[in-house]
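Let's walk through this model together, from the contacts inside one chain to the contacts between chains. Have the viewer open as you read.

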2 protein chains.
Amino acid sequence: MTDAAVRPKKPATSRRTPAGGAPTAPHSADEARAAEASEPRIDVAAVTDMLLGTWASTRREAREMIKDPAFWRVDGMPVPEHRERVLSQLHLLVQHGGSRRAFPKEYGGLGDNGANLAGFQELVLADPSLQIKSGVQWGLFGSAIYQLGTKKHHDRWLEQLIDLRLPGAFAMTEIGHGSDVAAIGTTATYDAEAEEFVIHTPFRGATKEFLGNAGLHGKAATVFAQLITGGVNYGVHCFFVPIRDEEGNDLPGITTEDDGVKGGLNGIDNGRIAFDHVRIPRENLLDRYGEVAADGSYSSDIPSPGRRFFTMLGALVQGRVSLDGAATTGTALAEYIAITYANQRRQFDSGSGTDEVVLLDYGKHQRRLLPRVAQTYAQFFAHDELLKKFDGVFSGASDTPEEREDLETLAAALKPLSTWNALSTIQECREACGGAGFIAENRFVGLHQDLDVYVTFEGDNNVLLQLVGKRLLSDYAKQFKGKDAAALAKFAVGQTAGKLFHGAGLRRLGQAVTDFGSTARSVELGLRADQQHDLLAGRVQRMVADLAAALRPAGKLSPAEAAALFNAHQAELIEAARAHGELLQWEAFTDGVNHVQDAGTKEVLTWLRDLFGLSIIERHLAWYLISGRLSAQRAASVSRYIDRLCVRVRPHAQDLVDAFGFEPEHVRAPIASGAEKVRQDDARAHYAALNASGEAPVSEKSLRKK
Amino acid sequence: MTDAAVRPKKPATSRRTPAGGAPTAPHSADEARAAEASEPRIDVAAVTDMLLGTWASTRREAREMIKDPAFWRVDGMPVPEHRERVLSQLHLLVQHGGSRRAFPKEYGGLGDNGANLAGFQELVLADPSLQIKSGVQWGLFGSAIYQLGTKKHHDRWLEQLIDLRLPGAFAMTEIGHGSDVAAIGTTATYDAEAEEFVIHTPFRGATKEFLGNAGLHGKAATVFAQLITGGVNYGVHCFFVPIRDEEGNDLPGITTEDDGVKGGLNGIDNGRIAFDHVRIPRENLLDRYGEVAADGSYSSDIPSPGRRFFTMLGALVQGRVSLDGAATTGTALAEYIAITYANQRRQFDSGSGTDEVVLLDYGKHQRRLLPRVAQTYAQFFAHDELLKKFDGVFSGASDTPEEREDLETLAAALKPLSTWNALSTIQECREACGGAGFIAENRFVGLHQDLDVYVTFEGDNNVLLQLVGKRLLSDYAKQFKGKDAAALAKFAVGQTAGKLFHGAGLRRLGQAVTDFGSTARSVELGLRADQQHDLLAGRVQRMVADLAAALRPAGKLSPAEAAALFNAHQAELIEAARAHGELLQWEAFTDGVNHVQDAGTKEVLTWLRDLFGLSIIERHLAWYLISGRLSAQRAASVSRYIDRLCVRVRPHAQDLVDAFGFEPEHVRAPIASGAEKVRQDDARAHYAALNASGEAPVSEKSLRKK
């Protein structure tokens, strides 16, 4: 196509005055709106700072780096070339120092966990394959060695994995076991005589599967296997296993296979690994949480096998954290493109007879896009909270078992919501741009294809939400510890249970949401901030209480019967966890709004927060009606209020997506480059000139009237 | 991968007894279910016949043809090769006689419109690019010449377009005008002196866009342009314009561009065409609905310009009809794969301590997949109604303006629902298969990518639903014709309006739904068939009545004010149209069930129909509560009833998807080939043998107890 893929000017920047004050440029293609929108306006640059969050400078550094076209995804590139290109991008990343942030200083790293994820996530703008292959190398393979290994492993492998001399695969998932890691079939049997472990794949389903770097580039793998020594299975542990020689041939006993073409992320060489009695030295057990002595005796600082297993898995939580951030950034990009196009593209006559209407002026178009912008804002704020918690735990600043558990639950609650939302929003954006949205260069389809698997990898979304649901149930049960069964039952069915539960456990964030200030505009129809919070929090409480009551008989049942009872309530448990995640996002958004000083920004972001809160409530409106928490009249007003908020937010739509801070090299979509506006202006100029010339053909209708 | 892509045996066939009686084979991998499910069972072969519908034999013929691997999509094939492959498939199709069914016998065709679409739709199983490129050539380019042209055009071009000597593009859409065809910018100005039309693209936005065959293979195009003669614009007409010479070079005045890589359908060479004062003979106007004499005088059998325009567009309705069918078949394929896998794949211990649970035994898994199977059944039945109506109109058997209008509205109501459902269901199926669902060979990702654009082409789904909504409003207004404004207002706000409206206009199908027989099982909780119908039909009536009341002031407003009022209700109008489409699907499903003789089949399909009806009601539960049509108690029972129906349908899930009648060459997904069952059985055999050997390692936990 002939349209310029990269705009000559940065629109976001042009909005900012040199002194960093309020923006002055007109608002949208529709001049009538500029006046209407002149008060309030958001301070675009300041909002960008907010959205980039605690590690804004690292994000900016990463965004600057990926302006280099060498990092960009090339649509339609055949799979083999794409794989080589992404491998070369990883080397480029090493050169830019992008691979070492998380690792300790003594190995050339920076020891900065939060910054590492913040910078890494931005790679999604260049090519999600680059983001995920980097994640495989440094976030999974590298982290396994760093987090699960000890000094001898660090000394031996960290430097060469940081600089990519040692590319590796993370071999956890098996064909037969994805989410149920504890049940994997691969065995690592200790041979005390040889002082070696024997790594073995006992049946086809135990083959390691879907591993990035396993198809082609990996030289070694961190392999999860059942550790067996002295006839005892000590559960899943991780082992360093070389898989290919320098020429790329499988080592003896190793069989790798290529997973072939995938739905997206085709810059990554996913594959399978099977082991046929492969022997590795005893020292290759990554033994931070469990050791085997030369004589085969096992020891661990964590006596409980279950706790030990979850501690090892928890050390790898960063994958989920980073997917939450990357999904949010990818979603924001799609919204930037769709909103920018919707502000320029015209379709159908407005009724005036002369001008066609800009897409974003259509009621349906506002309804389909604007609540999604609100959702993305909520996700940015919630992600920064998650990232701060992650950094606190991994920096050691707040590394307690409780904080680790909270971090894992928070990641398990947020990652499903943001990754699902990415797919649904990118798809809506693509459809909102019609056929142009389907052309690869306009980015939506590539983003959807690449981000598709985010919803099932690093923990299947439904499985993660189930974990969150179980945590909510156990927190709920703790509220009643020491109380007798009768009291418990009474609480569980009564409204009072809600009060006890409120603010406890994971909902700690909620405690910051007490002062909603004087944002009077958010007071409308009895659906202002504190009522939104009551509705959202109340729903979580009620759902958890109901579930607890329904599952209470499980204690008296056989394991199979208990599992059946649980299964009958599985969908509700997942739904309760989702409600919890939505509440967390809402609270984070509200915290963010409360920190805003600028009046115009605060007002617009409060509308946007309301749009987010009410959109969640609208989604679950039937629940609120059935539970008696909203009257039919109040419920009906929710949708009408959302309609009004859409109209109110509409003039600010471009500012709100400009505030994502993307530059032309990140956007790269011709339909968001201004070319559409040029075309529309051309068309209007053509007809104006034709009319002025007196040579325009008359219409058949007008002829008839004569 | 090493798994066989094609199964040696047909599972659907193995279910059928030689005598064609009730199936006898056990039901699922879980033997416990076989007994439970032994009564009732569906007659799989008979249900296949029902689903394949009126033109079952043509469908079977097409399915037989595409067993040839030459027709299959090859994942990861670079775009240029894929385009050539699909072109060669079109030639193969010609050899098989697949391109001529719709055309008249005097040109070598069969004159069978229903069979044509029925056969054509099945191509989606081979490669959706093949389906759509065929659609471009014979359904759009060919139909334009056949339906909009006259004998001189047929004589000249039909035979060579049928046998692909003349590949062509259908040049309607422009960069600046997609859905608003009436406003396209391309002009065809008659030059009486030369007896030629001058085809011209006056500005960039008027460039023809997204045209299949325009990128590479097209030699001519049917170009839609504003017909101007004698200084008068007679509106949009269609012209035959040669675009490339035999060597594939653009003809003088023609500029073609390639659209490049798309989100899917990359076997099709979409592109752009611009015209710089290109001259064509006067005879190249396809003049069935409007002629220009040599002296430039215009004449038409249809005096109203608006009606003429819509008649021309209506002649091309088959695109929408066929997308409804193809989307349904594609969705069924995804469901076959996901359900088959879910019946074999095991994950997590059941609580028994020995066996892992088959995925489809999980409550959440049933909830996410089974209502979608019900939806697909409804679509198959509704599509057959649509296809029969299409055939009636285009065969001339029932070609009245009313029938044409009904056909267009029916297509506009059903195509959006089935194409959106395709994307959402294929995605759910892909996620339900985890990482395996993301591997291209398992089909989901390719289907999603290819079918993505179905929701915005051949009429953007939202625009189509808006048309349906307007038709509903005008049908509604007709009910009151002759009544005064006061009576109208009274009806509009009262419940009685519903009674008047019921059964009228498009809801003609509903009249067949009066006898629900004695399927006593569907009587449950006051949500049996007739109540489902009342709820679904009542919703359409109420929404339309409310909209009519809200829009009534429009008549007294300026065009711009009326447009603004309409815009404020645009989202509701689209929602009302969607409700109408859902009702049509439900009624078609119910009609289908009523025709079943076999008791077991009737019982299971009645459950499935209930699952479909209640799933729609659950989706709109808030509306039913707010409007007072369901009490909170009754509303709560809807979800519980769905849960129970899922449990009831679950043992029949495999039968229900086997009844789609796909054979291994249509499925081609390794995870649905039985390989997963082999792997699972291997794993269980391994552990059983290990336990029997006495050499199994003991668990750490058991050690502790000692």
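A polar contact here is a pair of N or O atoms within 3.5 Å; within protein, one must be able to donate a hydrogen and the other to accept it, and residues adjacent in sequence count only if both atoms are side-chain atoms. With that rule, one residue pair is in polar contact between domain 1 of chain A and domain 2 of chain A, both residues at pLDDT 80 or more.

Some ground rules come next. This is a predicted model, in which local features need pLDDT of at least 70 and side-chain atom pairs count only at pLDDT 80 or more, while totals for chains, interfaces and linings use all residues. Residues are numbered from 1 along each chain as its sequence is written, chains are lettered from A and ligands numbered from 1 in the order in which they are written, and side-chain values use heavy atoms, leaving out hydrogens and water.

Back to chain A, which is split into domain 1 (169–306) and domain 2 (318–658), with bounds from an automatic or database domain assignment. Four residues of domain 1 and seven of domain 2 make the contact, meaning heavy atoms within 4.5 Å. About 420 Å² is buried between these domains, 52% of it from carbon and sulfur atoms; buried area is the accessible area (1.4 Å probe) that two parts lose on being put together, summed over both. On the domain 1 side, Ser179(A), Gly263(A) and Leu265(A) lose the most area, together 78% of what that side buries.

What does the interface between chain B and chain A look like in numbers? The contact takes 98 residues from chain B and 97 from chain A, and the buried area is about 7800 Å², with 58% from carbon and sulfur atoms. In chain B, Lys364(B), Phe438(B) and Glu700(B) lose the most area to chain A, together 9% of what that side buries. Four salt bridges are counted between the chains. Asp452(A) forms a salt bridge with Arg430(B), their closest N and O atoms being 2.8 Å apart. There are also 36 residue pairs in polar contact between chain B and chain A, both residues at pLDDT 80 or more.

Notes:
A salt bridge is a side-chain nitrogen of Lys or Arg within 4 Å of a carboxyl oxygen of Asp or Glu.
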